[in-house]
Amino acid sequence: MHEPVSRRSFLEAMGLSAAAVTLPAPAFRGAPAIRRSAPATRAAELVLNGTDTLDAAVEGVKLQELDPKDQSVGYGGLPNEEGVVQLDASCMHGPTKRAGAVAALEGIKTPSEVARLVLKYTNHILLVGAGAKRFALSYGFKDEELLTPESRQRWLAWRANRGREDDWLDVPASEQMVARPTGTINLNVVDAKGDISSVTTTSGLAWKIPGRAGDSPIVGAGQYTDNTVGAAGSTGRGESNIMVCGGFLTVEHMRRGLSPTDACLETLKRVVAMSPDRLLGPSGRPTFDINFYAVNKKGEFGSASIYPGRFAVHDGKTAAFRDCAFLFERPK
């Protein structure tokens, strides 16, 4: 077993991304990365003051879940095709070997908190839909409207561009359609004792079929923690991550001795190999993007993506952005 990480060394790594647009290769566009260091900074501050790694991670991502200007998660997240915001989240606590998750949760701003309650107070791992909402309400959460005016406007713009055979007005070809982004936060934390936790939260793929859940609420895909090894999580095209159980697979690569960065790259190679032809461009490369983030018990961290990207880390002193390792240059 690795020696515990020192208090002054690396404490956590966090990644946000709104990439992963599935389009034909000529039209490939990587949505802009949403770069936030606030969750990383908040989690690091709490861990330095002795807060449990899971509690620190949840408090970190809550900053974005409660921010109406962040359309990737929580309040103000982009809705499904019917204009309803449905949120997903999962978490794992390394020391206790427990996990909790919620999917398709409506009306609750902070799904990460509800996932933690599932972990702490039930013998289950995943609650979904109306059942997850009743569970949250039983703990005093408020049923609130999650769609902000800005998110509603983006949904209305998308709806107006769906197709010429529906009941909506045609839009001139010269008018750019709203991109169909995904948005997710994965936050991995390791403290001075070497205890590790991970949280992933999302509003999911914009304009999704109601009830769709991606990888974020799936333990072993959206995130995974093993307190003897490390933690890993993902942002990007959730379905592609589910197919390879990417969070679990990345941790297993680290168990075999790979560095966090190399572990992420190996998982990405599996993602590409498992991608069906309809998701590949003429060059054979994916028309979507996906990022993996990992930390190990020693406090070493890394991230990798299919195409170039960035991620945020905190070393106990300051937050900084780092370039991800990547497989391919971005199509032009």
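Is R330 buried, partly exposed or exposed? At 29% relative accessibility, R330 counts as partly exposed, where buried means under 20% relative accessible area, exposed means over 50%, and partly exposed lies in between (1.4 Å probe, protein chains only). Before going on, note that this is a predicted model, where local features need pLDDT of at least 70 and side-chain atom pairs count only at pLDDT 80 or more, while totals for chains, interfaces and linings use all residues. Residues are numbered from 1 along each chain as its sequence is written, and side-chain values use heavy atoms, leaving out hydrogens and water.

So who is the partner of R330? R330 forms a salt bridge with D289, with 3.6 Å between the closest N and O atoms; a salt bridge is a side-chain nitrogen of Lys or Arg within 4 Å of a carboxyl oxygen of Asp or Glu. The pair links distant parts of the chain, with D289 in the loop between α8 and β9 and R330 in the segment after β13. Helices (H or I, at least four residues) and strands (E, at least two) are DSSP runs, numbered from the N terminus. D289, at 3% relative accessibility, counts as buried.

The structure holds 15 salt bridges in total. In another one, K62 meets E113, the closest N and O atoms being 3.1 Å apart. K62 lies in helix α2 and E113 in helix α3, so this pair ties together parts that are 51 residues apart in sequence. Both K62 and E113 are buried. Then there's D323 with R310, at 3.3 Å between the closest N and O atoms. D323 sits in strand β12 and R310 in strand β11, 13 residues apart. D323 is exposed, at 60% relative accessible area, while R310 is partly exposed at 31%.

Now for the sheet. Five strands make an open sheet in the order β7-β8-β9-β10-β13, with mixed pairing; two strands pair if DSSP finds at least two bridges between them. β7 and β13 stand at the edges with a single partner strand each, so one side of each has no neighbour in the sheet. Inside the sheet, β9 and β10 pair in the antiparallel sense over five bridges, and F292 has A304 in β10 as its bridge partner.

Stepping back, the chain has eight helices and 13 strands, and buried residues make up 56% of its 332 residues.
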